[in-house]
Amino acid sequence: MISEGDKMTSLISRKKENKVKLKLPGQNSIWLYLMILPGLIAMLIFSYKPLYGLIIAFKDFNILDGYLNSPWVGFKHFKNLFNSDQFARLMRNTFVIGFSSYIITFFPPIILAILLHELRFNKFKRTIQTISYLPYFIPMVVVVGIMYQFFGSFGIVNDIRNLLGLPSISFLSEKSYFLPLYIGSSIWKGIGWGSIIYMGTLTNIDPQLYEAAMIDGATRFQRIRHVTIPTLIPIMTTIFILDAGGIMSVGFEKVYLMYSPATYEVADVLSTYVYRLGIESGDYSYSAAVGLFNNLLSTSMVLICNFIAKRLGQDGIV
Amino acid sequence: MRRKKLKSITPFDYTTIFLLCLLGFFTLYPFWWIFATSIAEPVWLSTHSVSFFPSKTSFVAYSYILGESKLWNSMLNSFIYAFFSTIVTTLTCSLFAYPLTLPGFKLRKFLNIFILIPIFVSAGMIPVYLNMLNLGLVGSRLSLIIPSAMSTTYIILFRTNFKSLGGDLREAALIDGANELQIFFKIIIPVAKVMFLIIAMYAFVGSWNSFMPPLLYLNDDRKMPLAIYLRDLLISQTMDTQELTLSTGGEFYRTIASKGGGIGMRLAIKNGVIIVSSLPIIMIYPFIQRYFVQGVMVGSVKG
């Protein structure tokens with residue numbers, strides 16, 4: 001039987017314990033605030049402050065008047081954009097390049113991961129993996145540079161064509177080859193790296209699932225269809241949504257490096273147009289408006305894909 | 001001990017191996033072809049083509065490349081930018097991430113959202129450029145180092161990693177009278193060394209390969225990083241029959257043209273430049289590749 005005295009003592013000591021825990025210094029030490037300070041300031045200055053600069057999309061901005069005193073013009077720039085000759089072309093190119101490259105480059109890494117996963121020869125597997133990651137690390141300039149050499153007038157592709165009696169094609173100045181080259185090089189650069197994340201998921205599959213399937217008489221393809229692929233669906237969905245934002249914000253760097261006036265018709269996308277108009281020509285307000293439009297499209301794509309995924313029963317990211 | 005039944009090698013396996021070998025071939029062949037062309041004898045190269053190995057070899061292209069100071073200068077620039085931005089970014093992100101792992105930290109929820117918003121809401125190329133202009137950073141080397149200090153991805157990776165370290169070490173240190181800063185430098189950094197390495201490598205490679213910021217913010221040849229130099233040399237010449245008047249490519253090629261060798265020399269040099277500029281990456285690649293893969297794995301667990 002616990003005496004009153006003992007009860008009191010245990011109560012007091014428990015209270016003391018609680019108090020000691022609360023009094024541990026640190027959770028709001030000044031150091032913590034100092035630690036986040038550089039990052040906070042950096043992000044405010046470089047990521048948040050430009051958002052204020054977006055107002056120039058609704059103004060006729062000139063440097064002398066600055067942000068505050070330049071006159072308001074409302075949606076004039078957007079109206080000009082939608083009515084311009086280039087708008088149809090830009091939208092079409094951005095959409096075609098973005099969408100087709102998104103869809104087509106989505107699958108090869110998955111296929112690669114599945115193939116690698118089925119392999120039992122570990123040394124070979126690792127060698128191929130290491131080789132396949134290499135193009136990802138090569139800067140885009142070099143990749144495009146290689147393309148210019150490879151597909152150029154003196155490149156191996158035209159050499160083979162000549163050997164077969166076919167005339168040389170200046171691939172990079174031909175409108176019809178822009179898209180295949182763009183997508184092909186995207187696959188070349190990204191297939192290995194893209195497969196990593198799928199490999200990670202696959203290596204966590206319990207081997208017993210495969211054994212059970214084999215005992216039930218499943219063929220290799222059936223095993224892949226019923227064990228491998230369902231495991232990949234969640235991660236595929238996540239990546240599907242995350243990459244969707246990239247559709248409308250078609251990579252500036254790659255198109256910029258690959259295009260030329262000869263291929264503007266099919267290659268000029270919203271982001272390169274913004275660059276030419278804004279940075280090269282100095283038409284800040286208009287190009288800011290185009291850029292804003294581009295960003296809104298990207299965000300909508302992400303939200304749409306998120307919504308579609310949720311509708312299909314998967315977890316979205318928002 | 002149960003002996004594993006030896007499975008026979010099926011046609012499926014053969015097909016898989018074949019396909020994977022094809023992949024390996026297509027990945028490596030372009031590099032090989034570029035290299036083979038660069039060591040081809042220029043005069044021979046002007047009228048012949050290389051498929052696997054040139055009939056006549058010569059390293060004369062490389063002798064010119066070694067003398068091209070702009071190339072080496074730009075490599076040095078790239079290295080400087082990558083080195084400093086790696087330090088800045090790794091430190092800033094890790095310092096920022098640490099308080100986010102402490103449940104009692106008052107600003108935690110706010111900051112977590114704070115770093116997520118810029119991913120979805122971006123001001124766009126022009127406002128960002130104008131912002132840099134206003135800050136006086138256009139034309140400065142700092143424009144390639146400071147703005148990239150914060151990266152939500154890195155912060156999240158650090159945060160996840162720090163959380164998994166457990167609070168015992170920290171509590172023990174606190175009882176011993178350490179302040180948070182000391183805990184960070186004396187406990188977190190040594191224990192989470194691998195994560196720091198991974199992020200440092202991501203940051204380094206990211207900076208080395210970065211193209212758009214130098215394109216937008218730099219206008220001085222002497223400050224230009226490798227990426228821009230390569231673009232000028234390799235890509236601004238879209239029609240390879242035209243001579244360029246662009247400062248980088250034009251000058252270099254005019255000097256070369258005066259030394260003879262014709263088209264072949266230009267080709268060999270262009271390809272040689274590609275090889276030389278890829279060398280740093282290819283050399284450290286085997287060592288760092290492992291860490292990058294780890295980084296993706298860590299990120300995917302959280303994601």
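Is Cys305(A) buried or exposed? Cys305(A) is buried, its relative accessible area being 5%, where buried means under 20% relative accessible area, exposed over 50% and partly exposed in between, for a 1.4 Å probe and protein chains only. This is a predicted model, in which local features need pLDDT of at least 70 and side-chain atom pairs count only at pLDDT 80 or more, while totals for chains, interfaces and linings use all residues. Residues are numbered from 1 along each chain as its sequence is written, chains are lettered from A and ligands numbered from 1 in the order in which they are written, and side-chain values use heavy atoms, with hydrogens and water left out.

Another cysteine, Cys93(B), is also buried, at 0% relative accessibility.

Chain B comprises 14 helices and zero strands, taken as DSSP runs (helices H or I, at least four residues; strands E, at least two) and numbered from the N terminus. Of the 303 residues in chain B, 50% are buried, and among its contacts with a separation of 6 or more, 68% join residues 24 or more positions apart, contact meaning heavy atoms within 4.5 Å.

In chain A, helix H7 (residues 140-150) is largely enclosed by the rest of the structure, because eleven of its eleven residues are buried; including Met140(A), Gly145(A), Gln149(A) and Phe150(A).

Between the chains, helix H14 (residues 270-280) of chain A and helix H6 (residues 125-134) of chain B have axes that come within 10 Å and cross at roughly 35 degrees, the axes being lines fitted to C-alpha atoms over the stretch in contact and the angles running from 0 to 180 degrees between N-to-C directions. On the H14(A) side, Ser271(A), Val274(A), Tyr275(A), Gly278(A) and Ile279(A) meet Met125(B), Ile126(B) and Tyr129(B) of H6(B). This contact has six nonpolar, two polar and no charged residues, with Ala, Val, Leu, Ile, Met, Phe, Trp, Tyr, Cys and Pro counted as nonpolar, Asp, Glu, Lys and Arg as charged, and the others, Gly among them, as polar.

The model has three cavities of 30 Å³ or more, a cavity being a set of points on a 1 Å grid over the protein atoms alone where a 1.4 Å probe fits but cannot get out, with lining residues having an atom within 4 Å of a point. The second largest cavity holds about 60 Å³ of space, and its lining includes Tyr81(B), Leu144(B) and Trp208(B). Helix H4 (69-100) and helix H10 (193-209) of chain B are the elements giving two or more residues to that lining.

Technical notes:
1 Å grid on protein atoms, 1.4 Å probe; cavity = no way out; pocket = protein on both sides within 12 Å on 5 of 7 lines; lining within 4 Å. Points joined across faces, edges and corners; volume = space filled by probe spheres on them.
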